[in-house]
Amino acid sequence: EISTAMLSLANVSYLVSECPLIGDDVIELHRPGMPSMSKLTLRERVKANFSGRNDLYLYELKYTLPRLYIARNLRIFDNDTEMLSVLSEAPAFAFRETVFLSRADGPVEVPVANDIQGQADLIRQGNDEYVISLNVNGPTYLMISNSFNDKWQCVNQDGKMLQMRPAFHHFTALMVNKEDRTVSCSFSMFD
């Protein structure tokens, strides 16, 4: 069984499948036996034509989450088993503006207030670095759909190292505050 909620959290927008998928969170764009490719618009042909194959199902996820977002809500779990159990059952919309953290990954810094307002935008991205423009009105977590790896280091515009930790068991969360206006993250194999 596919967890479309976790795929949405990973910023996946489309699914290709050899068999039909059932659920309220997917929109079917193409199925084998639908109108021939020649009768589809150019946009539909591009979506449906993966290497000339017409025997696959193509779906769009309804609730694809952004690559990064400000977590206005925080859910803390005592261990990974508890978190993974909730993740396996949660719909994608439950993740919007929320970050799931486990105490198994270390102490969780809890912001003094919930519902912190803010905006985060990816302004540059490369293979081993990315830069984020940030505007928040208090301490909160920035959720990033990159896989967590402790070889990543993130600093603000003043060179201050930001606390990075696993979120949703697999992705990355950064504790940010209103003085953090730009976040630069870089990956180093050699530390």
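Arg124 has Val131 of strand 8 as its bridge partner. The two strands concerned, strand 7 and strand 8 (residues 129–136), run antiparallel and are joined by 7 bridges. This briefing describes a predicted model. The secondary structure comprises 3 helices and 13 strands, and 36% of the 191 residues count as buried. Among contacts with a separation of 6 or more, 71% are made by residues 24 or more positions apart.

- In general, the strands of a sheet pair through backbone hydrogen bonds, in either the parallel or the antiparallel sense.

**The disulfide and the cysteines**

- The structure holds 1 disulfide, formed by Cys154 and Cys185, whose sulfur atoms lie 2.3 Å apart.
- The pair links distant parts of the chain, with Cys154 in strand 10 and Cys185 in strand 13 (residues 182–187), 31 residues apart.
- The torsion about the S-S bond of Cys154 and Cys185 is about 115°, and the disulfide is therefore right-handed.
- Cys154 has a relative accessible area of 1% and is buried; Cys185, with a relative accessible area of 2%, is also buried.
- Cys19, by contrast, is partly exposed, with a relative accessible area of 44%.

**The nonpolar cores**

- The largest nonpolar core has 22 residues, of which Leu9, Phe95, Val99, Tyr141, Met143 and Phe168 touch the most other members.
- Two or more residues of this core come from each of helix 1 (4–9), strand 4 (68–71), helix 3 (80–89), strand 6 (98–102), strand 9 and strand 12 (171–176).
- Beyond its neighbours within four places in sequence, Phe95 is in contact with Ala5, Met6, Leu9, Leu65, Tyr69, Leu87, Ala90, Phe100 and Phe168.
- A second, separate core of 18 residues includes Ile116, Val136, Leu142 and Cys185.

**Thr140 in strand 9**

- Thr140 lies in strand 9 (residues 140–144).
- Thr140 counts as buried because its relative accessibility is 2%, and buried means under 20%.
- The side chain of Thr140 reaches the backbone oxygen of Ala71 at 2.6 Å.
- Apart from its neighbours within four places in sequence, Thr140 is in contact with Ile70, Ala71, Pro111, Ile116, Leu174, Met175 and Val176.

- Strand 11 (residues 164–167) pairs with strand 12 in the antiparallel sense over 4 bridges.
- Arg165 has Ala173 of strand 12 as its bridge partner.
- The hairpin of strand 11 and strand 12 has 3 residues between the strands, and Phe168 takes a positive phi near 55° there.
- Phe168 is also one of the residues that touch the most other members of the largest nonpolar core, and Phe168 is in contact with Phe95.

Terms used:
Residues are numbered from 1 along each chain as its sequence is written. This is a predicted model: local features need pLDDT of at least 70, side-chain atom pairs count only at pLDDT 80 or more; totals for chains, interfaces and linings use all residues. Side-chain values use heavy atoms; hydrogens and water are left out. Buried means under 20% relative accessible area, exposed over 50%, partly exposed in between (1.4 Å probe, protein chains only). A polar contact is a pair of N or O atoms within 3.5 Å; within protein, one must be able to donate a hydrogen and the other to accept it, and residues adjacent in sequence count only if both atoms are side-chain atoms. Contact means heavy atoms within 4.5 Å. Two strands pair if DSSP finds at least two bridges between them. A disulfide is a pair of cysteine sulfur atoms within 2.5 Å. A nonpolar core is a set of buried Ala, Val, Leu, Ile, Met, Phe, Trp, Tyr and Cys residues joined through side-chain atoms within 4.5 Å.
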